[in-house]
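This report describes the fold of a single chain, beginning with the packing of its helices on its sheet and ending with details of the backbone.

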Amino acid sequence: MKKIAINPQQNLQQDQQFMQRAIELAQQAAAINEIPVGAVVVYQGEIIGEGFNQSITLNDPSAHAEMLAIRQAGKKLNNYRLLDCTLYVTLEPCSMCAGLLVHSRIKRLVFAAHDLKTGAAGSVFNLVANDKLNHQIEVSAGIMAEPCGAMLSTFFKRRRQEIKAAKQAKNNEEKC
Ligand SMILES: [Zn+2]
């Protein structure tokens, strides 16, 4: 049987506080038209790495929020292993990022919204707690899932409208 945390209420408050920072970072991504995902790495109660999705801006398909946050945390700790660290992210990691988390030996993953299409922490695959791999990560899912999910749906809705408007403008141009 799994051990129960000593003070779950305090843990939840701390989780919400760090997730709130990840949400702020996700909003920075949305502001530059990137899919709004934000991530922070926490070590001993302190944020040591931050990132938000920047794949389009950096022309880099690997520039996901988790990837950028982990790179920064590794530099800060001066270590390629992020032992005893927790990663907070607003959306369930993809298979690339889940693989990265295993490589980094991160202790715990806290994510908000599930990603039913590409999530690799339980939704489509589970790479973060797989017996066949040499490292398993503790996972807490669904913390502040509602605002994070809403942020993503608002973003995609806006983007669909923009694409539609651009198409219409182009059609009108051709008619002239
Ligand atoms: Zn990813």
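## Helices across the sheet

Helix H2 lies across strands S1, S2 and S3 and runs at about 145 degrees to S2. Helix H4 lies across S3 and S4, at about 60 degrees to S4. These descriptions refer to a predicted model.

## Overall organisation

The secondary structure of the chain consists of four helices and five strands. Read from the N terminus, the elements follow the order α-β-β-α-β-α-β-β-α. The C-alpha trace spans about 70 × 30 × 30 Å along its principal axes.

Of the 176 residues in the chain, 34% are buried. Among contacts between residues at least 6 apart in sequence, 54% join residues at least 24 apart.

## The five-stranded sheet

The five strands form an open sheet in the order S2-S1-S3-S4-S5, and the pairing is mixed. S2 and S5 stand at the edges; each has a single partner strand, so one side of each is left without a neighbour in the sheet. From one strand to the next, the twist averages 15 degrees.

Strands of a sheet pair through backbone hydrogen bonds, in either the parallel or the antiparallel sense. Here, S1 and S3 are antiparallel and are joined by five bridges, with Val-41 standing opposite Leu-87 in S3. S3 and S4 run parallel and are also linked by five bridges; the bridge partner of Tyr-88 is Val-110 in S4.

How far is strand S4 enclosed by the rest of the structure? Five of the six residues of S4 (residues 108-113) are buried, so the strand is largely enclosed. A residue is buried if 20 or more other C-beta atoms lie within 10 Å of its own.

S4 also pairs with strand S5 (residues 138-141), in the parallel sense and over four bridges. In this pairing, Leu-109 stands opposite Val-139 in S5.

## Helix H1

H1 has 24 residues and reaches 34 Å from its first C-alpha to its last, close to the 34 Å expected at 1.5 Å a residue. Its buried residues are Phe-18, Met-19, Ala-22, Leu-25, Ala-26, Ala-29 and Ala-30. An α-helix has 3.6 residues a turn, so residues three or four places apart point the same way.

Which elements cover the buried residues of H1? The covering elements include strands S1, S2 (46-52), S3 and S4, together with helices H2 and H4 (145-175).

Most residues other than glycine have a negative phi. Asn-33, which is not a glycine, has a positive phi of about 65 degrees. Asn-33 follows H1 and is found in the loop between H1 (8-31) and strand S1 (38-43). With 13 C-beta neighbours inside 10 Å, Asn-33 counts as partly exposed.

Asp-84 likewise has a positive phi, near 60 degrees, in a residue other than glycine. Asp-84 lies in the loop between helix H2 (65-77) and strand S3 (85-91). Asp-84 is partly exposed, with 13 other C-beta atoms within 10 Å.

Key:
Residues numbered from 1 in each chain as written. Predicted model: local features only at pLDDT ≥ 70, side-chain atom pairs only at ≥ 80, totals over all residues. Helix = DSSP H or I, 4+ residues; strand = E, 2+ residues; numbered from the N terminus. Buried ≥ 20, exposed ≤ 12 C-beta atoms within 10 Å, placed from the backbone. Pairing = 2+ DSSP bridges. Contact = placed C-beta atoms within 7 Å. Expected span 1.5 Å × (residues − 1). Axes fitted to C-alpha atoms, helices over the stretch in contact; angles between N-to-C directions.
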